[in-house]
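Subject: Structure handover

Hello,

Here is the structure you asked about. My notes follow below it.

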Amino acid sequence: MERMTDLVVSDAAQVATPTGSDGDNSNSGLEIIENGAVAIEDGVVVAVGPTADVTRAHPPENATESVDATGQTVLPGFVDPHTHAVFAGDRVDEFTAKLAGASYQDILAEGGGILRTVRSTRDASRDELVANLLENLDTMLAHGTTTVEVKSGYGLDVETELKLLEAIDEAADRHPIDVVPTFMGAHAVPKGADTEEYVDRVIEEQLPAVADAGLAEFCDVFCEAGVFSVPQSRRILAAGQELGLTPKIHAEEFERLGGSQLAADCGATSADHLLQATDEDIAALGEAGVTPVLLPGTAFSLGAAYADAAAFEAADVPVALATDFNPNCFSQSMESVVELACNGMRMTPAAAIRGATATAARAVDRTDGTGTIREGAPGDLAIATVTNYQHIPYNFGVSNVRTVIKNGTVVHR
Ligand code: NIG
Ligand code: FE
């Protein structure tokens, strides 16, 4: 007897998926299937194409579950490859202060910003952090995110960094979104500490404890003037690498310090922010196969100039997009990021959606087809109530995603 298909999505106005194979790092955009369908078995896409073809082999009436996507657009679930989504408290008063002229660095130098979130996070229980993160994951899912990277970094001591990574682990177990954990003990220098001494503590105390616990896949550093220098960042990333943690880096956000070249030298998976990156930096990232991650929500929240997406495009270096969700950039929505990428950074809708899916998957080393809809890829879909993918950034400021599918199961509608 023929087996039943687990899930069939049919009659979509469009199925839009990044083109190219696993190793393909080209920026070739999206493939559009008009009147399309997708069939999923055992959590994996088994067919994608015109509805007539897919439903001949996988009739929706015989499927365990079917979704009629008439008038809607099916995309791969969004991949959000850069967030600081686990913390306690918010900083809404700093938001207002920044609007009145205070700068991000001044607030941090005065013990606010990251250091303030460190205080509230140290005071929070693990259960509170799990609950906060689950709520954020729910919001992400409702906006179409099916894979997310989450960094620690509001602990800045062994105990709290472990508490954060444990909270990430527990929330991941309890939520349909795939969560990629990153250790970021080098997110800021604790108040009153000497930077070199703190770097020693990250390397000698935090990193071994994190690696022992097996709670992180990546190690990230805030390489920035007044935070961690290039040599300090290099030491931390090298120590992490020795313990099996893959490097990532916050680079060239406020000042061009050389984080891009460091990312290229140490074979980082991604270099993120890049507001001040030069053509030389972009070329170095491209040659080394480091995925640049642009965070337009951060520039938007800071009132800063956006990263130069056109310079990456001109150099033929595809960019990933992420929310950077954190108390300074308070949005969990990849839909908003796609909108800002187009309306703010002047990316095309196709390039922005590719950056939020297939290229974003590269930025977290997910090479199993995550971020695409093709045979063998995870059955992760975001279905939007628009007839054409370009309407997503065009109709900005609203939630276009209605139905979300994770590993072949409808997890939001
Ligand atoms: O990527 N730049 C450092 N880290 C975050 C901000 C975290 C915070 O302000 O709480 C970022 O923007
Ligand atoms: Fe960040």
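Which residues is His 82 in contact with, leaving aside its neighbours within four places in sequence? They are Glu 149, Asp 272, Val 293, Leu 295, Ala 322 and Asp 324. His 82 itself is found in the loop between β6 (78-80) and α2 (92-99). It counts as buried because it has 29 C-beta neighbours inside 10 Å, where 20 or more are needed.

Before the rest, a word on confidence. This is a predicted model. The mean pLDDT of the protein chain is 96, and 97% of its residues reach 70 or more. Where pLDDT is low, the predicted coordinates should not be read in detail.

The annotated site

The unreviewed UniProt entry lists His 82, His 84, His 250 and Asp 324 under "binding site". These residues span 243 residues in sequence, yet no two of their C-alpha atoms are more than 12.2 Å apart, so they gather at one spot. Asp 324 is also one of the contacts of His 82.

His 250 lies in strand β10 (residues 246-251). With 28 C-beta neighbours inside 10 Å, His 250 is buried. Not counting residues up to four places away in sequence, His 250 touches Asp 220, Val 221, Phe 222, Cys 223, Glu 224, Asp 272 and His 273.

The ligand

Around ligand 1 there are 13 residues, of which Ile 114, Phe 222, Asn 326, Pro 327 and Asn 328 come nearest. By class, the shell of ligand 1 holds 7 polar, 4 nonpolar and 2 charged residues.

The domains

The domain assignment gives domain 1 as 7-76 + 372-412 and domain 2 as 79-362. Their C-alpha centres lie 29 Å apart. Between them, 23 residues of domain 1 are in contact with 21 residues of domain 2. On the domain 1 side, β1 (7-18), β5 (73-76), α16 (391-394), β15 (401-406) and β16 (409-412) each supply at least two of the touching residues. The largest share, 3 residues, comes from β15. This side of domain 1 divides into 13 nonpolar, 8 polar and 2 charged residues.

Regards

Note on methods. Residues are numbered from 1 along each chain as its sequence is written. Chains are lettered from A and ligands numbered from 1 in the order in which they are written. This is a predicted model: local features need pLDDT of at least 70, side-chain atom pairs count only at pLDDT 80 or more; totals for chains, interfaces and linings use all residues. A residue is near a molecule or strand if its C-beta atom, placed from the backbone, lies within 6 Å of it. Ala, Val, Leu, Ile, Met, Phe, Trp, Tyr, Cys and Pro count as nonpolar, Asp, Glu, Lys and Arg as charged, and the others, Gly among them, as polar. pLDDT is the predictor's confidence in each residue, from 0 to 100. UniProt positions are given in the numbering used here, feature names are shortened, and annotations may be inferred rather than shown by experiment. Helices (H or I, at least four residues) and strands (E, at least two) are DSSP runs, numbered from the N terminus. A residue is buried if 20 or more other C-beta atoms lie within 10 Å of its own, exposed if 12 or fewer, and partly exposed in between; C-beta atoms are placed from the backbone. Two residues are in contact if their C-beta atoms, placed from the backbone, lie within 7 Å. Domain bounds come from an automatic or database domain assignment.
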